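Okay, thanks for having me, everyone.

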Amino acid sequence: MKDGLIESAYRTAQERYAEIGVDTEKAIAALQDIHISLHCWQADDVTGFESSGELSGGIQTTGNYPGKARNIEEVRADIVEAKSLIPGSHRLNLHAIYGDFGGKLIDRDQIEPAHFESWIQWAQENGMKLDFNSTSFSHPKSGNLSLANPDKSIRDFWIEHTRRCRAIAEEMGRRQGDPCIMNLWIHDGSKDLTVNRLKYRELLKESLDEIFSTEYEHMKDCIEAKVFGIGLESYTVGSADFYIAYAAQRQKIFTLDTGHYHPTENIYDKISALLPFLPELMLHVSRPVRWDSDHVTIINDETLELCKEIVRSNALDRVHIGLDYFDASINRIGAYVIGTRATQKCLMQALLEPLGSLRSYEAEDKGFQRLAMLEEGKALPWGAVYDMFCLRNGVPVGEDYIKAVEQYERDVTSKR
């Protein structure tokens, strides 16, 4: 797309937004300061570098599009390529199974910051900051229960793993001069009926208390709920109710994954419901199709309303945004770019909303005017503002990134 056309369209959009009291330059500056945490597991379908075993523990990925990253070098190369096509500066979210293990089998209760030293250095060289996740799935000791397992030896194994993950996150945060967000999600549950619901939740609470007994300065803890995992449909130990109560009591960050709730629930409504009680929130943004299928994020009502609620709540400094989808049916680098840019586009629309006018109408009980302004806002030229955002960041504007992804596929991923 020609620069002259982009600049001309932007000037028109700038004038149009000014008519309703919105400063597009402020919106661009605000979006520039939002750093989305890209998920490393889109590059290799959540395989990691421990072994070539199949996924287990309540998750799965579908599709067999060629070009999947097979090792740490290819994962990093694909992330760098995706990063070059996404405007702004962003973070990288690592799972514990993505350590640089040097070809050695390091069990999860033995991982150390040294296994992520090369990631810390790589992130610094590439202008990215790191977030982290413990990994309780796809392991011989995963089973149906990890931190809630009645077998103390199994439970202790996962407690030690998670404690070590927190220490790794602390080192990442210290080195990058910015807190590392450490997310904890476990698949624990039951495929069929259980008569020990309370017992498993008491065990999970005890495990969490032990894990969090060490205080750190350079990392922040998140706990993530889920309705159910595949193969564990009847009961989930770490339900939303359990983790919300725990997070409120312990003042931990609660993670909202857009695929981890019933299809009829409005995830965006949970933002304002939780913020009065919790210090911060973490979002894992994906696109659930008939539940937690982890399709690539697109501009849809759910993502748009989620972003609007963050801005309307004046919570950009309290809500961390990460991506969590893994689509193996299409070009994986393209999936990175589509999902991240779609999230940014929703944020841009939220930042360009004429909140001053809308809130005045609401305060004056002018329901017609409020609804009319909300409707007219949908047709305003926000796309021209996002195009300018891309241009200023030196990345392809509009559909131009498609050619870049195709070229990378011809040169790199098609040869794997």
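This is a predicted model: local features need pLDDT of at least 70, side-chain atom pairs count only at pLDDT 80 or more; totals for chains, interfaces and linings use all residues.

I'll go through some helices, the cysteines, a couple of threonines and a surface patch.

Let's start with helix H13, residues 382–392. Of its 11 residues, 8 are buried, so the rest of the structure largely encloses H13. Which ones are they? The buried residues of H13 are Trp382, Ala384, Val385, Tyr386, Asp387, Met388, Phe389 and Cys390. And what covers them? The cover includes helix H1 (3–19), helix H2 (24–32) and helix H10 (332–351). After H13 you get glycine 394, with a positive phi, near 70°.

In H2, the buried residues are Thr24, Ala27, Ile28 and Leu31. Looking down the axis of H2, those buried residues fall within an arc of 100°, so they line one face of the helix. The general rule here is that an α-helix has 3.6 residues a turn, so residues three or four places apart point the same way. The cover over the buried residues of H2 includes H1, H10 and H13.

Okay, cysteines. How many disulfides do we count? The count comes to 0 disulfides. Take cysteine 165: it's in no disulfide, and the nearest cysteine sulfur, the one on cysteine 180, is 10 Å away. The cut-off for a disulfide is sulfur atoms within 2.5 Å. Cysteine 165 is also buried, at a relative accessible area of 0%. Then there's cysteine 390, which is in no disulfide either; its nearest cysteine sulfur belongs to cysteine 346, 14 Å away. Cysteine 390 has 0% relative accessibility, so it counts as buried.

Is cysteine 307 buried or exposed? Buried: its relative accessibility is 4%. Cysteine 307 sits in helix H9. Leaving out neighbours within four places in sequence, cysteine 307 is in contact with Thr343, Cys346, Leu347 and Ala350. If you want a distance to check on screen, cysteine 307 and isoleucine 267 are 40 residues apart in sequence and 11 Å apart in space, C-alpha to C-alpha.

On to the threonines. Where is threonine 258? You'll find threonine 258 in the loop between strand E8 (253–257) and helix H8 (269–274). It's a loop residue, but at 14% relative accessibility threonine 258 still counts as buried, because the cut-off for that is under 20%. Not counting residues up to four places away in sequence, threonine 258 touches Ile267, His284, Val285, Ser286, Pro288 and Leu306. With serine 286, the C-alpha to C-alpha distance is 6.0 Å, across 28 residues of sequence.

Threonine 162 is a helix case: its place is in helix H5, residues 152–176. Threonine 162 is buried too, with a relative accessible area of 3%. What does threonine 162 contact, leaving aside neighbours within four places in sequence? That would be Ser134, Leu147, Met182, Leu184 and Ile211.

Last stop, the surface. Ile298, Ile330 and Ile338 form a nonpolar patch there, with about 180 Å² of accessible area together. Isoleucine 298 is in the loop between strand E9 (281–285) and helix H9 (301–312). At 31% relative accessibility, isoleucine 298 counts as partly exposed.

How values were computed
Residues are numbered from 1 along each chain as its sequence is written. Side-chain values use heavy atoms; hydrogens and water are left out. Patches are made of residues with over 30% relative accessible area and no salt bridge: like charges are joined within 9 Å, nonpolar side chains (Val, Leu, Ile, Met, Phe, Trp, Tyr) within 5 Å. Accessible areas come from the Shrake-Rupley method with a 1.4 Å probe; for residues, only the protein chains shown count as cover. A salt bridge is a side-chain nitrogen of Lys or Arg within 4 Å of a carboxyl oxygen of Asp or Glu. Helices (H or I, at least four residues) and strands (E, at least two) are DSSP runs, numbered from the N terminus. Buried means under 20% relative accessible area, exposed over 50%, partly exposed in between (1.4 Å probe, protein chains only). Contact means heavy atoms within 4.5 Å. The arc is that of the directions from the helix axis to the C-beta atoms.
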